[in-house]
Amino acid sequence: MEFARRPLDDQLLERLHNHGVKPDAALAAAHARVLSTLDGTGRVSFGIGAAGRRLVLTVADGPWNDLLTSAAEPGDTVEGAFRTVVHAYGEEPADSAGLLRVGWTTAGLWLTGATDHDAAQRLLDYHQAALTAIAVDPSAGHQETRLISDSEYRLQVDGLGGPVRPLPDRRVHELFEQRVRRHPDRVGATFGVTTWTYDEINRRANRVARRLLAREVTAETVVGVLTERTLDWLACVLGVFKAGAVYLPIEPQFPAPRVASMLSRSGAGLVLAERPGQIAGVPVIPLAELWGDAGTEADTNPDVPVSGDQLAYIYFTSGSTGEPKGAMCEHAGMLNHMLAKIEDLGLGERCVVAQTAPQCFDISLWQLIAPLLAGGRVHLVPQADLVDVPRFVGVLADAGIEVVQLVPSYLDVLLNHLTERRVDLPRLRVVSVTGEALRGQLVERWFARFPDIPLLNAYGLTETSDDTNHALLTGPPAEGRVPLGRPVRNVVEYVVDERMQPVPLGAPGEIVFSGVCVGRGYINDQERTDQAFIADPHRPGARLYRSGDYGRWLPDGTLEFLGRRDSQVKVRGYRIEIGEVEGRLLEVPTVREAAVVVRAAGADARLVGFYSGSPATPTARIRAALGAALPAYMVPAELVWIDTLPLTGNGKIDRPALHRLLDGREAGTPADPPETPAERRVAHAWAAALGVAPERVGRDHHFFQQGGTSLSALRLVAGLDHDVSLADVQAHPVLADLATRLDGEAGGHLVWLAGRQGPDAPTVLCVPAAGGNAVNFVHLASLLATDGAVVYGVEPPGPEPTRDGRPALDIAALAVSVTDDLAALRPGPVVLWGHSAGTALAVETAVLLERAGFDVRVVFLGAQTPGTPEQRRGELASTLAASDDDLAADLRKHSGSDSPELHLALPAYRRDVVSACRWFAELPDRPDRPRLRAAVVVVVSAADDPDADTIRASYQGWEVVASRVRLVELPDGGHQFVRSRAEAVASIIDQEWGRP
């Protein structure tokens, strides 16, 4: 333990005497202020004198005199309840006995028990500064006193930032163009089985840029990019930068109101998308116009001047006021971050980096582009591979991935699989972890399994051009907690108090940022910009960003994260403002009060929403309302009705009481425990996936309503040794139903989706489009179940080739099987929905159900007409002769997706189209078939279904099977509107099934 002494000003005692301040009270008050600052707490306790009496003080903003008055109290006699001791004036230093001791004599201020010499000197600095301030003016506010010395101030302001490195006077896309000139034929990007060279990426990006320029895009015009994570997305992003425009990522899965809000708030002038038309009134450039023979633009570099302080992109994050915030970042900050990733991850020639993050997650940008600046290759990992851990492991191995970035919750699931299966990844060189706090236990497990593969813990915020700190870990941290690391190149960080002044080293404070990383603010949102982006008081002319994160500097100059100062949280890597979710919950008409809490942490973190109001409102209806306004990751995993929200004494929501309420709910036992061996096996894996006790899991429990997420569903699949798939969990979220799937007793071709069977409950049977499955109707089913329906989907058999190698399906025979399966359930009134090619099976099944005496109320036929026999025979021939590429193009056209996993659906798609064409072609030649008594309602998306005009003109062709045929048009939603506009479809079904 270190001992240090420092002389004090000879006049210090005299000044204290003149103010009527006793030396012992002065040192106790000074010590209280130092302890409060170092511990970040308003209540401190320490020992007094050699006798060790304890003194407890409350340190609130106010004059030194308040602390002096409290310090003059005698204290109590509690022993061993303090870590520091203040000695009376004149007492000489004694053995520290494991405590930090401070005192003063005529020889000056002394201190013993510090960990090292530097720490002892800093502690003397803090006490000396406080004593001097008291001696100058004890009526002054103690919070105004700066404890740190000038040398420590300079260290924090100038010495703890990232290394200063020159930034090239080039933009990201210009550095990429340099790479294109050096190795044009090198593969730069892969997606599924498709590869693009550097030259092809560049030419396609140039076409995008030139089309934008032809549409009068100018510097800082905001351009929305609404695509899946494909190679087209890569071309669009680079094309936007080349045109000098601003990249605004939009995920196709976002609810329409949120997309409209993003486009409106950002003032977007154009949208690049896969389908033509308009999105929220903003003109769309369909990508098909840019590629192949359709594209007329030159594919040479446009060479548009772009400055470093020009706006590069906007990412919308959750906002506490209920409106998302569009964070704006400039080209210089983006380039600096890309170069930091290249340096610290060691990206080089021909390195392979996995692109895994969704477009709305800012880390997606460096994953997409940084490998190309280093001469490497980006491998875009399809979402279907990410949600299937064994497939993802296969991608890492087969694609030779060297660098991958994951959120800790996903890394945990991945590591479980790699450990259980003893799979090695010989090409994997480093794993970057970001988005959530990285726990020491996970790091220990990683290095126990992969001691030679380092982890890079990355920390940053969207407003600071993504990651600002990197901690390269080659083994578990010594102290258990994982540091955030040092700032990256050209990034300046401070840990400050409320007055934006640096706090002592090791003390907690708000983490704030300065330098090239700091963004411009929030787009068209001056109020929230002014709250978070201020002038840097330590660097004239620089911007400072207040993160709201709390942390502290560690002795080695790295940063440690301590928490948030507001209601912002991170769940599975997504930044969420609790206030925004609560605001949307309060917009539901029947909700009176609302509160949202975060349950658990890390991989198990989930949102739980509490609400008061009408208890009759089904939670599924509330969930649907939230899903229409918020991205899926912001919708609470669990919704709990409560008569009235608990309040604290000052009238605020008592959130600890809500957690206690959840504790009580979770401690209970289910009324209907698992019965069969399969159910007990599922319950055990279910409990492990959700982190609950097995005895709390009931056979009627719903996985996702119990707090399950996509990641915990992956854990459930792994816990069942992959005997079920993720699709099985999504389609059968109730434990008893999932157990029947495990037993192979799934009930033929029917898949239960939602609701409970009863004698009077309407039964809705959904038949998917070609290549689809029952999972396509999960969202729609949850909406219909809120109105009392029970919903089943048809799960077609796997495609089996005929003798000529072409797949075939006997629709009439399948209809008999489906009818038998449904009859065994003794349904009430029946409603059928057939979509596209699935209309054939829906009609055939409806005929059989009526023949068997069931009450078929209405048959909905989505996006399809029978056509003529000649048309159908021609389509049959062309489908049989089509190559996989031609068939994939047709599937993309009708699905509105360019996802690479579409190729997995091609066998089933071909089988279903062929089977439907044969059924339609033979339809007029069956005069003996009975006509449906039920009404037929044809539904079409009027604006953006490529077949809309044909369906509108010929829907009455369905009169061959029914006498009552009506047409209902949706304003938009594409060919697969049953997924994209599930709320509208549910409303149509609700209205129609009660009609005579």
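**View 1. Parallel pairing of strands β2 and β4 within a sheet.** Strand β2 (residues 43-48) and strand β4 (residues 84-86) run parallel and are joined by 2 bridges, two strands being counted as paired if DSSP finds at least two bridges between them. Within this pairing, I48 has V86 of β4 as its bridge partner. Strands (E, at least two residues) and helices (H or I, at least four) are DSSP runs numbered from the N terminus. The model is a predicted one, in which local features need pLDDT of at least 70 and side-chain atom pairs count only at pLDDT 80 or more, while totals for chains, interfaces and linings use all residues. Residues are numbered from 1 along each chain as its sequence is written, and side-chain values use heavy atoms, with hydrogens and water left out.

View 2. Contact here means heavy atoms within 4.5 Å; axes are lines fitted to C-alpha atoms, for helices over the stretch in contact, and angles between N-to-C directions run from 0 to 180 degrees.

View 3. N524 lies in the loop between β25 (521-522) and α16 (526-532), and counts as exposed at 56% relative accessibility (exposed is over 50% relative accessible area, buried under 20% and partly exposed in between, with a 1.4 Å probe and protein chains only). Leaving aside residues up to four places away in sequence, N524 touches R265, S266 and G267. A polar atom of the N524 side chain lies 2.6 Å from the backbone oxygen of R265.

View 4. A search of the whole structure finds 16 aromatic pairs, where rings of Phe, Tyr and Trp (its six-membered ring) pair if their centres lie within 6.5 Å, and planes under 30 degrees apart count as stacked, over 60 as edge-to-face and the rest as tilted. The rings of W446 and F450 are tilted, because their planes are at 35 degrees, with the centres 4.7 Å apart; W446 is buried at 1% relative accessibility, and F450 is buried at 6% relative accessible area. The rings of F920 and W958, with centres 5.9 Å apart, have their planes at 65 degrees, so this pair is edge-to-face. It links distant parts of the chain, with F920 in helix α29 (residues 902-922) and W958 in the loop between α30 (948-954) and β40 (965-970), 38 residues apart. F920 is buried at 1% relative accessible area, and W958 is buried at 0% relative accessibility.

**View 5. Strand β16, covered on both faces.** In a regular strand the side chains alternate between the two faces of the sheet. In β16 (residues 352-355), V352 and A354 on one side and V353 and Q355 on the other are all buried. β16 pairs with strand β17 (residues 377-380) in the parallel sense over 4 bridges, and the bridge partner of V352 in β17 is R377.

How values were computed. Polar contact = N/O pair within 3.5 Å; in protein donor to acceptor, adjacent residues only side chain to side chain.
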